[in-house]
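Welcome, and thanks for taking a look at this one with me. Have the fold in view as you read on.

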Amino acid sequence: MHPAKPSVSIVIPAYNEEGVIRQCLIAAIYQSMPAHEIIVVNNRSTDSTAEIVRLVQLEYPESRIRLLEQNEEQGLIPTRNYGFDHAEGDVLGRIDADSVLEPDWVETVQTGFSDPAVAAATGPVVYYDMPMRRWGLKADDKMRQFVLKLARNQYHFLFGSNMALRRTAWEQIRDSTCRDEKDEMHEDIDISLHLAEQDLVIRYIPSMVSGMSARRLENSPKDYRYYVTRFDRTYRAHQIDKRVLKIPMLIFMSIYYPAKVLRAVHSVRTARTVMPRH
């Protein structure tokens, strides 16, 4: 007899995400293997995010979509924690509101976590609002594999837009994860480092693919730089000083301007193709 595959909860923290939350939910619903539940944790949204989630609940009553409210604190970390703490699955999937999961994502996660040694997993992303998506996915995968190799597999980093961890692993690290009230760190790297401290295994699964938006490229150079240097601040908070870990930062900084131009050109072309003809 084969052991039962672990159940998967998908947790989506959301703050003012009316433009993307529906497509995120639809992708989470249309899976080759259904998730045990899809949880949206609304964090003080002032737009119609919650209303859209309720409409999708009515539209897909057979899918277990739960809308939770986390109104005590503004911020991703307390909102993420609230979702994890209320999830019922054996495995807690964590994506962003602009993530668009591939149709076999839940099935891939279940297969990956069928190995009891795996405490957490992550995979590559495809930027769905950029040109050359297939090439971009390959490049993202190669970059992540390259960083893993350089770090001699010592540091496996989860990626917040596309990650999952076993509920028992979350319970083990929950109280030690950083609250980051000043919002200076990468919360996904913080989780990764706390898992590593407990010798819990993080696996990189190339077939665990999620789409995400490249909307961060719309940030000003100053804001983008602050986002990228979150890597450094997270490492410093954990007293980690390894030169190899600066590589992702350097890659993200070097692609900002060329990627911004590509995205602008792509947006113009896309707008032209959908313009009504007179």
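Here is a short tour of the overall fold, the salt bridges and a nonpolar surface patch.

Please keep in mind that this is a predicted model. The protein chain holds 10 helices and 10 strands. Among its 278 residues, 51% count as buried. Of the contacts with a separation of 6 or more, 83% join residues 24 or more positions apart. The chain exposes about 14700 Å², and 54% of that comes from carbon and sulfur atoms.

Now to the charged pairs. Searching the whole structure turns up 10 salt bridges, including these:

| Salt bridge | Closest N and O atoms |
|---|---|
| Arg80 and Glu187 | 2.7 Å |
| Arg203 and Asp115 | 3.1 Å |

Take Arg80 and Glu187, which form a salt bridge. Arg80 sits in helix 3 (residues 76–86) and Glu187 in helix 7 (residues 187–197), so this pair ties together parts 107 residues apart in sequence. Both Arg80 and Glu187 are buried.

Arg203 and Asp115 are also paired in a salt bridge. Because Arg203 belongs to strand 9 (residues 201–204) and Asp115 to the loop between helix 4 (105–112) and strand 6 (118–122), the pair ties together parts that are 88 residues apart in sequence. Arg203 is partly exposed at 34% relative accessible area, and Asp115 is partly exposed at 28%.

Elsewhere, a network of salt bridges links Glu37, Arg64, Arg66 and Glu88.

Finally, the surface: Met132, Trp135 and Leu262 make a nonpolar patch of about 350 Å². Met132 lies in the loop between strand 7 (125–127) and helix 5 (133–150), and is partly exposed, with a relative accessible area of 49%.

Key:
Residues numbered from 1 in each chain as written. Predicted model: local features only at pLDDT ≥ 70, side-chain atom pairs only at ≥ 80, totals over all residues. Heavy atoms only, no water. Helix = DSSP H or I, 4+ residues; strand = E, 2+ residues; numbered from the N terminus. Buried < 20%, exposed > 50% of the residue type's maximum accessible area, 1.4 Å probe, protein only. Contact = heavy atoms within 4.5 Å. Areas by Shrake-Rupley, 256 points an atom, 1.4 Å probe, with all protein chains shown as cover. Patch = residues over 30% accessible without salt bridge, like charges linked within 9 Å, V, L, I, M, F, W, Y side chains within 5 Å. Salt bridge = Lys/Arg side-chain N within 4 Å of Asp/Glu carboxyl O.
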